[in-house]
Amino acid sequence: MSTGNNGPEDTGGKPPRSSGGPSPFTEEEIAAVTGPGDEDELEDSEVATIEADEVPDLQSSFEKLVVKSRNLSPERIRTVVESVLFVAEKPLDLDQLFEATGIDREKIQEALNLISGVHRDGISGIVLYEVSGGWQFRTDPHSGEYVRRYLRVKPQRLTRAAVETLAIIAYRQPVTRPEIEDIRGVDCGAVIKALLDRKLIKILGKKEEVGRPMLYGTTREFLEFFALKDLSALPTLREFHELTQEHQEIVEKERPSAPVAAGTVEMLADPDFQKRMDKSVAASEAALEELEQAMDAADKTQKAASSVLNPTPPPPPEAPPEAPPEGEKGPEPA
């Protein structure tokens with residue numbers, strides 16, 4: 001059997017692979033293929049330009065878009081709206097979708113309903129949420145762990161102090177810092193600053209009272225962070241009590257042994273909380289007044305009983321005046 005190289009290597013029609021040695025082609029062979037080239041060839045060529053004789057009219061182009069959108073089928077409208085929502089960085093409302101597509105708002109709403117039926121929680125990996133007054137595509141919460149691992153980002157978390165402070169602001173806004181600290185019982189300056197830095201709360205103005213303290217309220221970022229449509233979507237006290245047993249166990253497990261303000265969220269979520277507080281104050285004042293009246297009546301009764309049991313002795317009778325000794329005259333009558 002021969003093991004020597006008897007001819008050129010069969011490369012299957014592919015160019016021979018370079019092994020790091022000299023090129024198999026000489027400079028003359030390369031020059032014969034490429035040609036000498038003209039140095040002024042590129043200099044003489046004209047630069048390609050795009051002439052724009054007229055600036056497009058945005059108003060007329062939008063009107064054309066509106067006319068075109070009238071002939072779109074419901075399925076095509078759904079795909080258009082879905083595409084716009086997919087590339088949007090922020091939640092889009094009906095007006096923004098109309099300005100982007102020119103499609104009638106009623107048809108956009110119908111398309112949103114169709115998209116919500118397809119991209120819903122637990123069914124699709126991308127879920128359509130109504131957030132902060134608009135619509136936005138978000139990843140399925142059950143897939144969040146895998147998405148964070150791919151993006152290499154840490155989940156955004158809030159401390160218990162931040163959650164308590166944020167809950168007070170959300171349910172009682174506009175609210176001042178002294179009012180927040182009165183409910184929590186601790187200083188909240190650092191927590192409020194952290195929430196301002198994260199744009200979860202904002203300064204709404206100043207309260208018309210002594211010192212003019214600042215008023216705080218939530219932001220659009222707060223609604224986006226918690227995937228809320230608006231403030232009315234905040235959980236109520238009834239919803240808190242209707243938590244499943246599993247969630248109740250989680251809440252009890254995460255609750256600290258000595259909470260600073262136990263039940264703060266529950267009390268604030270109850271719309272009748274202030275009414276009950278007013279009734280409680282009125283009842284306390286009435287009970288205090290009754291107690292004072294009872295104490296006065298008891299004092300009078302004690303004095304009456306003491307006067308019966310220990311009567312005051314009558315004063316001793318006055319002694320008759322002594323007769324003057326003999327030889328002396330008594331006082332002359334007036």
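**Loops, helices and a buried pair**

Biologist: What relative accessibility does Ala 227 have?

Modeller: Ala 227 comes out at 32% relative accessibility and therefore counts as partly exposed, where buried means under 20% relative accessible area, exposed over 50% and partly exposed in between, with a 1.4 Å probe and protein chains only. Bear in mind that this is a predicted model, in which local features need pLDDT of at least 70 and side-chain atom pairs count only at pLDDT 80 or more, while totals for chains, interfaces and linings use all residues. Residues are numbered from 1 along each chain as its sequence is written, and side-chain values use heavy atoms, with hydrogens and water left out.

Biologist: Where is Ala 227 placed, and what is its phi?

Modeller: Ala 227 sits in the loop between helix 11 (220–225) and helix 12 (237–241), and its phi is positive, about 55°, although the residue is not a glycine. Helices here are DSSP runs of H or I with at least four residues, strands are runs of E with at least two, and both are numbered from the N terminus.

Biologist: And Arg 152, what is its phi near?

Modeller: Arg 152 has phi near 60°, again a positive value in a residue other than glycine, and it belongs to the loop between helix 7 (144–151) and helix 8. With 77% relative accessibility, Arg 152 counts as exposed.

Biologist: Which peptide bond is cis?

Modeller: The bond from Gln 173 to Pro 174 is cis, with omega near -5°, and Pro 174 lies in the loop that runs between helix 8 and strand 3 (175–176).

Biologist: Let's zoom out. How many helices and strands does the protein have?

Modeller: The secondary structure comes to 15 helices and five strands, and of the 334 residues, 20% count as buried. The accessible surface, from the Shrake-Rupley method with a 1.4 Å probe, is about 26,700 Å², with 55% of that belonging to carbon and sulfur atoms.

Biologist: Back to packing, then. At what angle do helix 4 and helix 6 pack?

Modeller: Helix 4 (residues 74–87) and helix 6 (residues 105–118) pack at about 75°, with their axes 9 Å apart; the axes are lines fitted to C-alpha atoms over the stretch in contact, and the angles run from 0 to 180 degrees between N-to-C directions. The two helices are therefore roughly perpendicular, since angles of 65 to 115 degrees get that label, those under 35 count as roughly parallel, those over 145 as roughly antiparallel and the rest as oblique.

Biologist: Which residues make that contact?

Modeller: On helix 4 the contact is made by Ile 77, Arg 78, Val 81, Glu 82 and Leu 85, and on helix 6 by Lys 107, Ile 108, Ala 111, Leu 112, Leu 114 and Ile 115, contact meaning heavy atoms within 4.5 Å. They divide into eight nonpolar, no polar and three charged; Ala, Val, Leu, Ile, Met, Phe, Trp, Tyr, Cys and Pro count as nonpolar, Asp, Glu, Lys and Arg as charged, and the others, Gly among them, as polar.

Biologist: How far apart are the axes of helix 4 and helix 5?

Modeller: The axes of helix 4 and helix 5 (residues 94–101) are 11 Å apart, at an angle of about 110°, so this pair is roughly perpendicular. Val 80, Val 81, Val 84 and Leu 85 of helix 4 meet Leu 97, Ala 100 and Thr 101 of helix 5, which gives six nonpolar residues, one polar and no charged.

Biologist: And what about helix 5 with helix 6?

Modeller: Helix 5 and helix 6 pack at about 110°, with axes 10 Å apart, which makes helix 5 roughly perpendicular to helix 6. Their contact residues divide into five nonpolar, two polar and two charged.

Biologist: Last topic: which side chain makes a polar contact with Arg 184?

Modeller: The side chain of Glu 164, at 3.1 Å; a polar contact is a pair of N or O atoms within 3.5 Å, where within protein one must be able to donate a hydrogen and the other to accept it, and residues adjacent in sequence count only if both atoms are side-chain atoms. Glu 164 is in helix 8 (residues 160–172) and is buried at 17% relative accessible area, while Arg 184 is in helix 9 (residues 177–184) and is buried at 7%.
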